[in-house]
Amino acid sequence: MSENRTKEQSTNRSLEHRLSEKSGQLLNQKVKRRSFLKGAVAAGAAAVAPMGTASAFSFESFFQKHYREMTPEDKKKVFARIQRELKKEYEIEVSISDPAPISGVKFVYALNLSKCNGSRKCVTACQQENNLPADMAYITVLEMPRGTMNVEKGNRYYKGESVPKEGNYYLPVQCNHCENSPCTKVCPIEATWKEKDGIVVVDYDWCIGCRYCMAACPYEARHFNFKKPKLDASTINTSQSYLSNRVRSKGVMEKCTFCLQRTREGSYPACLEACPTGARKFGNIYDPESEVSQILKQKSVFVLKEEINTVPQFFYYFD
Amino acid sequence: MARYIRFWLNMFKESFSGSKTYYLWVGVLTALLLPGIYSYYLQLSQGLVVTNMVDQVSWGAYIANFTFLVGVAAAAVLLVVPAYIYHRDDVKEIVLLGEILAFCAMLMCLLFIAVDLGRPDRFWHIIPFIGRLNFPQSILAWDVIVLNGYLLLNMHIPGYLLYKLYRGEQPTRRYYMPFVIISIFWAVSIHTVTAFLYSGLGGRPFWNTSLMAPRFLISAFAAGPALLIIIFYLINRFHPYFRVKESVSKLLITIASVTMPINLFLLGSEVFKEFYTNSSHVASAQYLFLGLHGHSTLVPYIWTAIAFNIISTIIFVTPVLRSKTSWLLGGCLLSILGIWTEKGMGLIIPGFIPSPLGDVVEYTPSIHEFFICLAIWAFGALSYTVISKVAISIVSGRLKE
């Protein structure tokens, strides 16, 4: 293993990719012995499987592996199952993609608070792109009285018609994709982790719904499906990815993924595209010519709750 | 093997023999399980939406009760140490009742965690080596290990001793003493780890205090003896022949008369730090003790709890009062209720209010949460009644091979 790792570091990108795939397979061989043990717990588990879910209890989904332990064949089966289930329930054809982090890329967000006018266009675009029900949003826009930077003084329930209001500025908050992320640290089962490109993701099929990450997050970025999300079949975004915007089940956590289904394919996140004022900037911090790199160099940027040392990758600035 | 199976059959039979009072008590507890089972069925089919928890207040009555019960389990050590280390014969006679209490409290803790999960069907993900336990990073992973470990320890020790007594054999020291020693440290660890669960979160200033673990232990060693005193009183009152010696209660009173004032002192230290500093982090404490922006659901509860704790402390430190049974039992009850409120809802809920982005959303348990909590408490009381009844029959030689 250690030899593999040193090789991995010294070779070029495509080889690195192949090797990481290979070590993934090795890992899978190692964990095979687990399936024997799993038989023992299956019977008991059948008894506690949630009743009334769309799909009846199936051994296939019960024993589904953690995303990072799946082989390409496993993934194919799992994605097909997801497609089948959505077809059955909503009568829609969806595609389930699985874009990998691009090496040499680390995503960073920058938001110009001088421009944000509190229209919440980002919020609705995000809900649409990421298949969120109307009562859940990854972005919370705070109406902040001028003179304070303390987010606890913000009001998220402001009426949207007459923005911006005199004497206020608007502060959108979403997942900060922290370098030192408390949510991934506390998860008891590694159901949430930080990817190589800096994006914090959740394996919705692994999460047990203990909500410890929610208690740990200082930005209210994590959201729990207290019930089955209510979605309108006609407006579901059928272009879905496993780790981001596919339809979630009840009882699991979810959060902003920087629209990885778009950004890893070279597009901007939905919130950025929907922003009417151009306040939102997104890009690769490893590229010195990128817009975000320039902003971080030239503006006095700041992050929320810097004192907790979560090291957010979401920066704010005024200009 | 056949002998061992017969041992279990005999114990099973024994659990069904008893007086009318016993049957009535067991019947009432069983009846209390039913609404909870129905509510949990609803929770399974509809999701945690049947509770009053929301994104802002994401833990509620389940986790509050869990926290309190970890303390009850840890308190068993107060009998284990005098019995096994200081060889107090009077305590040795009843130490099994303490270990069984720890076992039952642990069962209740695990049930409270189980009902709090959004996807209980995926429980196998937390089993070490089979799932993907995030050890040693996640304190919750530590909790999984220490709680289940403590459950096993308190299953093995009384289980082994009872089996030997039942067969009329002398127990082999090396089959239980090492575990007894481990369980003493383990008892401290379960409540420490549970405190670290909260105090390790930088984003929740109300919980982010180094006093959390000491407060948890001290309050456990105050409410624990109070609960044991009540249990021993009930056994002496209702059990046909078994009597717990009065000197055991005396020992527990002595312990509680030290821990109760310390518990108040630690509470005072927290209150001072919050309100004298008066930083923006005072908001949660303000919500709890005074109310915040017109929201004050918890205020009457916390002041009642503090009043209960003060009254029970006065009773416990005043010899004239604590020597009267009715005063003593009243003091025990007030202490349990006070500490249950203070370190249950009084600790968990303000941690979420105001939310990290300043939202104030109040929480009171829903009817379903109430029934599920009640059912788990009833289940705990039921298992404790049945197991300790059988244990007493074995200890007193009425049930043997």
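Me: Which residues in H3(B) meet which residues in H8(B)?
Reply: Thr67(B), Val70(B), Gly71(B), Ala73(B) and Ala74(B) in H3(B) meet Ala187(B), Val188(B), Ile190(B), His191(B) and Thr194(B) in H8(B). Here, two residues are in contact if their C-beta atoms, placed from the backbone, lie within 7 Å. Helices (H or I, at least four residues) and strands (E, at least two) are DSSP runs, numbered from the N terminus. The model is predicted, and local features need pLDDT of at least 70, side-chain atom pairs count only at pLDDT 80 or more, and totals for chains, interfaces and linings use all residues. Residues are numbered from 1 along each chain as its sequence is written, while chains are lettered from A and ligands numbered from 1 in the order in which they are written.

Me: At what angle do the axes of H3(B) and H8(B) cross?
Reply: The axes of H3(B) and H8(B) cross at roughly 165 degrees and come within 8 Å. H3(B) is therefore roughly antiparallel to H8(B). Angles under 35 degrees count as roughly parallel, over 145 as roughly antiparallel, 65 to 115 as roughly perpendicular and the rest as oblique. Axes are lines fitted to C-alpha atoms, for helices over the stretch in contact, and angles run from 0 to 180 degrees between N-to-C directions.

Me: Is the crossing of H3(B) and H8(B) left-handed or right-handed?
Reply: The crossing of H3(B) and H8(B) is left-handed. A crossing is left-handed if the near helix is turned anticlockwise from the far one by less than a right angle, and right-handed if clockwise.

Me: And how do H3(B) and H9(B) cross?
Reply: Helix H3 (residues 61-74) and helix H9 (residues 212-238) of chain B have axes that come within 8 Å and cross at roughly 70 degrees. H3(B) is therefore roughly perpendicular to H9(B). Their crossing is right-handed. Gly71(B), Val72(B) and Ala74(B) of H3(B) make the contact, together with residues of H9(B) including Phe216(B), Ala220(B) and Leu227(B).

Me: What about H4(B) and H8(B), which residues make that contact?
Reply: For helix H4 (residues 77-85) and helix H8 (residues 173-199) of chain B, the axes come within 10 Å and cross at roughly 145 degrees. H4(B) passes H8(B) in a left-handed crossing. Val77(B), Val80(B), Val81(B) and Tyr84(B) of H4(B) make the contact with Val180(B), Ser183(B), Ile184(B) and Ala187(B) of H8(B). By class, seven are nonpolar, one is polar and none is charged.

Me: What is phi of His87(B)?
Reply: Phi of His87(B) is near 50 degrees, a positive value in a residue other than glycine. His87(B) sits in the loop between H4 and helix H5 (89-92) of chain B.

Me: Over to chain A. What is the strand order of the three-stranded sheet?
Reply: The order in this open sheet of chain A is S10-S2-S11, with mixed pairing. Strand S10 (280-284) and strand S11 (314-317) of chain A stand at the edges with a single partner strand each, so one side of each has no neighbour in the sheet. Two strands pair if DSSP finds at least two bridges between them. Strand S2 (residues 107-112) of chain A pairs with S10(A) in the antiparallel sense over five bridges. Phe107(A) stands opposite Asn284(A) in S10(A).

Me: Which helix lies across S2, S10 and S11 of chain A?
Reply: That is helix H10 (residues 291-298) of chain A, running at about 110 degrees to S10(A).

Me: Last one: how many residues of chain B are in contact with chain A?
Reply: 43 residues of chain B are in contact with 52 residues of chain A. H7(B) gives the most to the side of chain B that touches chain A, with four residues. By class, that side has 20 nonpolar, 15 polar and eight charged residues.

Notes. Ala, Val, Leu, Ile, Met, Phe, Trp, Tyr, Cys and Pro count as nonpolar, Asp, Glu, Lys and Arg as charged, and the others, Gly among them, as polar.
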